[in-house]
Amino acid sequence: MHFESINLYRIRLPFQRDFAISRLNGRSATRVVVEAVADKGRVKGYGEGLPIEFATGETPETVMEDVASFVSGGFFPRRLKDISQIWD
């Protein structure tokens, strides 16, 4: 499988009603979606993350920067022969 592109999307999803937990309340959540496109667009895969700064230390911006750095820094194999290349 050959990956042509890794696309990042920052999306805000509204809640149906107000949502509250001990350290957070609001009407929406910002998520980061990663789209991996392979084999001339015939194969697409998606992943989603919900960074919450007070819980994980991450923001949508830092997650997008980290993923972009991982992909552009040569850590992500463009040609995937076995899942063990990216997953232990």
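User: Which residues form a nonpolar patch on the surface?

Analyst: Nonpolar side chains (Val, Leu, Ile, Met, Phe, Trp, Tyr) are joined within 5 Å, like charges within 9 Å. Here the nonpolar patch consists of F19, I21, L24 and F54, with about 330 Å² of accessible area together. Such areas come from the Shrake-Rupley method with a 1.4 Å probe, and for residues only the protein chains shown count as cover. This is a predicted model, in which local features need pLDDT of at least 70 and side-chain atom pairs count only at pLDDT 80 or more, while totals for chains, interfaces and linings use all residues. Residues are numbered from 1 along each chain as its sequence is written, and side-chain values use heavy atoms, with hydrogens and water left out.

User: What is the mean pLDDT of the protein, and where is confidence lowest?

Analyst: pLDDT is the predictor's confidence in each residue, from 0 to 100. The protein averages 88, and 100% of the residues score at least 70. Confidence is lowest in helix α1 (residues 53–56), with a mean of 86, and highest in strand β3 (residues 43–49), with 94. Helices (H or I, at least four residues) and strands (E, at least two) are DSSP runs, numbered from the N terminus.

User: How is a pair of aromatic rings described?

Analyst: By the distance of the centres and the angle of the planes. Rings of Phe, Tyr and Trp (its six-membered ring) pair if their centres lie within 6.5 Å; planes under 30 degrees apart are stacked, over 60 edge-to-face, and the rest tilted. The count here is one aromatic pair. The centres of the F15 and F19 rings are 5.3 Å apart and their planes stand at 50 degrees, so this pair is tilted. F19 lies in strand β1 (residues 3–21).

User: Is T30 buried or exposed?

Analyst: Buried means under 20% relative accessible area, exposed over 50%, and partly exposed in between (1.4 Å probe, protein chains only). T30, in strand β2 (residues 24–38), is buried at 12%.

User: Which side chain does the side chain of T30 contact?

Analyst: A polar contact is a pair of N or O atoms within 3.5 Å; within protein, one must be able to donate a hydrogen and the other to accept it, and residues adjacent in sequence count only if both atoms are side-chain atoms. The side chain of T30 makes one with that of R12, at 3.3 Å. R12 belongs to strand β1 and is exposed at 56%.

How values were computed: Patch = residues over 30% accessible without salt bridge, like charges linked within 9 Å, V, L, I, M, F, W, Y side chains within 5 Å. Salt bridge = Lys/Arg side-chain N within 4 Å of Asp/Glu carboxyl O.
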